[in-house]
Amino acid sequence: MSKMIIATLVVLSLLSTASANVHLVGGGSVREGRVEILYNGEWGTVCDDFWDIYDANVVCRSLGYDGAVEALSDAHFGEGTGTIFLDNVECYGTESSIIDCDHNGIRDHNCGHHEDAGVECSSPRVEIVGGNSVLEGRVEVYFDGEWGTVCDDYWDLEDAHVVCANLGHGPALEATTNAAFGEGSGEIVLDDVECIGNEAGLFDCPNAGPGIHNCAHSEDAGVRCSQGVRLVGGDCSSEGRVEILHDGEWGTVCDDLWDIDDANVVCRSLGFESAVEAFSEAVFGEGTGRILLDDVECSGTESSIVRCPRSDFGDHNCHHYEDAGVQCSPEVRLVGGESESEGRVEVLYNGAWGTVCDDLWDIEDANVVCRRLGYSQASEAFSSAEFGEGSGPIFLDDVECTGNEQCIFSCSNRGIGVHNCFHFEDAGVRCT
């Protein structure tokens with residue numbers, strides 16, 4: 001191998017080690033602008049030849065965003081003045097840095113600055129942590145390579161709406177203050193946030209500026225979101241036609257390109273461990289509302305289906321006989337036993353796991369739980385928190401199954417969350 005090739009590989013390796021080697025210039029917000037890279041102490045631009053959304057995704061993800069909204073050409077954000085460092089960039093979209101993509105080589109180009117490439121990135125990453133379900137928690141944002149919190153000064157429902165929408169959930173139910181979901185440990189990134197409620201992300205709302213605050217972690221902000229996805233038409237709550245909420249309207253998802261990775265994202269966003277199967281051709285019946293999503297291509301790691309690569313809302317070439325569906329892992333689990341075939345019965349509802357009260361609990365109820373989990377039957381039904389007390393909500397009471405129901409929620413009961421119990425009455429089973 002020649003010394004020139006070796007030197008080039010070393011340079012590329014050094015360039016690709018840090019996202020700080022890329023920044024955006026000339027945009028109206030921190031998440032858009034002309035793409036510039038740092039080489040040998042000098043900032044320079046990228047030519048727009050072959051520039052597309054895959055290249056833009058790599059740039060945006062290297063800067064801490066979920067991905068790109070648009071790849072822009074023809075010096076959309078103004079012409080740069082330095083060196084043109086890259087040309088003919090062709091990324092797959094999975095690279096960690098634009099330098100790792102195919103290109104001509106440093107400074108090898110046939111361009112002028114009127115061809116400078118640009119990007120518009122999606123909102124900065126946001127997550128909610130510390131809650132009892134995927135729908136609630138302390139708000140944390142990704143900025144300058146690390147996660148940090150948001151101060152609760154001026155924090156209200158409009159701010160919470162922006163967070164919930166970013167995560168693909170439904171509208172916010174509550175904006176919490178005073179570290180309701182525990183204190184964070186990183187930097188406090190945002191303070192004095194005042195959103196209208198329709199902004200693309202918290203950084204687009206008026207705020208004191210990244211890292212500027214007069215707060216302590218005892219003031220960390222949080223949210224409670226409603227669900228923005230639901231399953232309809234299944235025999236159990238863990239399966240059905242996928243429907244999403246957009247602009248106050250529920251609609252379906254077309255099965256074009258629909259696969260297990262897409263199904264996994266749906267199931268995990270609802271609190272299930274994973275998907276068992278992805279269904280097409282309206283297996284759970286045809287929807288009646290709008291078809292809101294098409295050509296969904298999730299990697300499987302996204303927090304919500306709306307954050308996956310996909311068509312725009314309402315842009316499709318489908319009919320309802322192509323409605324997508326999923327079967328998720330069971331909505332019931334056993335906790336606290338000495339083996340996986342026994343334990344305290346816990347059920348999933350609205351993204352959270354909770355327990356079942358032992359009032360009227362008997363072997364027929366236990367049989368339904370065990371068969372749902374793949375066992376032939378129950379050998380014993382337990383009461384009085386035999387496998388320890390749960391700590392979440394008590395979801396079911398006065399359960400009376402005949403024994404042939406598909407799911408415990410199908411059995412007679414007082415209603416979700418309606419009970420007169422304590423956790424020392426948590427029900428349990430042993431399956432065979």
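Predicted model: local features only at pLDDT ≥ 70, side-chain atom pairs only at ≥ 80, totals over all residues.
Good morning. A salt bridge is a side-chain nitrogen of Lys or Arg within 4 Å of a carboxyl oxygen of Asp or Glu.

The structure holds 15 salt bridges. One of them pairs Arg 224 with Glu 136, with 2.9 Å between the closest N and O atoms. Arg 224 belongs to strand S12 and Glu 136 to strand S8, so this contact ties together parts that are 88 residues apart in sequence. How accessible are the two partners? Arg 224 has a relative accessible area of 30% and is therefore partly exposed, whereas Glu 136, at 14%, counts as buried. These two residues also belong to a network of salt bridges that includes Glu 174.

A second example joins Glu 342 and Arg 430, whose side chains meet at 2.7 Å, N to O. Here, too, distant parts of the chain are linked: Glu 342 sits in strand S20 and Arg 430 in strand S24, 88 residues apart. Glu 342 is buried at 9% relative accessibility, while Arg 430 is partly exposed at 31%.

Arg 372 is in helix H5 and Glu 331 in the loop between S18 and strand S19, so the pair ties together parts 41 residues apart in sequence. In this case both Arg 372 and Glu 331 are buried.

I now turn to the disulfides. A disulfide is a covalent bond between the sulfur atoms of two cysteines. A search of the whole structure finds 13 of them.

Cys 60 and Cys 121 are joined in this way, S to S 2.0 Å. The link connects helix H2, which holds Cys 60, to strand S6, which holds Cys 121, across 61 residues. Both cysteines are buried.

Another disulfide is formed by Cys 254 and Cys 318, with sulfur atoms 2.0 Å apart. Each of these cysteines lies in a loop, and the two are 64 residues apart.

Finally, consider Cys 401 and Cys 411, which also form a disulfide. Is this link left-handed or right-handed? The torsion about its S-S bond is about 100 degrees, so the disulfide is right-handed. By contrast, the torsion for Cys 254 and Cys 318 is about -85 degrees, so that link is left-handed. Cys 401 and Cys 411 lie in the loop between S23 and S24, so their bond ties together parts that are 10 residues apart in sequence.

Thank you for your attention.

Key. Residues numbered from 1 in each chain as written. Heavy atoms only, no water. Disulfide = S-S within 2.5 Å. Helix = DSSP H or I, 4+ residues; strand = E, 2+ residues; numbered from the N terminus. Buried < 20%, exposed > 50% of the residue type's maximum accessible area, 1.4 Å probe, protein only.
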